[in-house]
Amino acid sequence: MNAVITVVGIDQVGILAKVSTACAENQVNIVDVAQTVMDNYFTMTMLVTVDEGQVAFDDFQESVENLIPGMQITVMHEDIFKAMHRL
């Protein structure tokens, strides 16, 4: 299943590395990533594939959302993300 990870907060060294490492440790494949820094604010959206035979989605979600203190990180099933952004 696909999921969307969003990260927003004050820019700091290693954000992409930490999220990517968490994905690799949980056998989660990164399909696409977009990131930018705007006036010291970091934003990233990442599309990943979670194989629930490798890791339970809830466990992966909890570990990533608490990964970087001070950053707003959300892991959401792709269907929920699409429903929230449908016009």
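In the predicted model, N26 touches Q54, V55, F60 and S63, residues up to four places away in sequence being left out of this count. N26 itself is placed in the loop between helix 1 (15-25) and strand 2. Its relative accessible area is 19%, and N26 is therefore classed as buried, the limit for this class being under 20%. The side chain of N26 also has a polar atom at 2.8 Å from the backbone oxygen of A22. This separation meets the criterion of 3.5 Å used for the distance in a polar contact.

Strand 2 spans residues 29-38 and includes V33; I30 is likewise placed in strand 2. With a relative accessibility of 31%, I30 counts as partly exposed. The contacts of I30, apart from those with neighbours within four places in sequence, are with S20, C23, M46, L47 and V48. The C-alpha atoms of I30 and T49 are 6.5 Å apart in space, while the two residues are separated by 19 residues in sequence.

V33 is also partly exposed, at a relative accessible area of 38%. On the surface, V33 and I30 form a nonpolar patch together with L16, and the accessible area of the three residues together is about 190 Å². N26, at 19%, is buried.

Key
Residues numbered from 1 in each chain as written. Predicted model: local features only at pLDDT ≥ 70, side-chain atom pairs only at ≥ 80, totals over all residues. Heavy atoms only, no water. Patch = residues over 30% accessible without salt bridge, like charges linked within 9 Å, V, L, I, M, F, W, Y side chains within 5 Å. Areas by Shrake-Rupley, 256 points an atom, 1.4 Å probe, with all protein chains shown as cover. Salt bridge = Lys/Arg side-chain N within 4 Å of Asp/Glu carboxyl O. Helix = DSSP H or I, 4+ residues; strand = E, 2+ residues; numbered from the N terminus. Buried < 20%, exposed > 50% of the residue type's maximum accessible area, 1.4 Å probe, protein only. Polar contact = N/O pair within 3.5 Å; in protein donor to acceptor, adjacent residues only side chain to side chain. Contact = heavy atoms within 4.5 Å.
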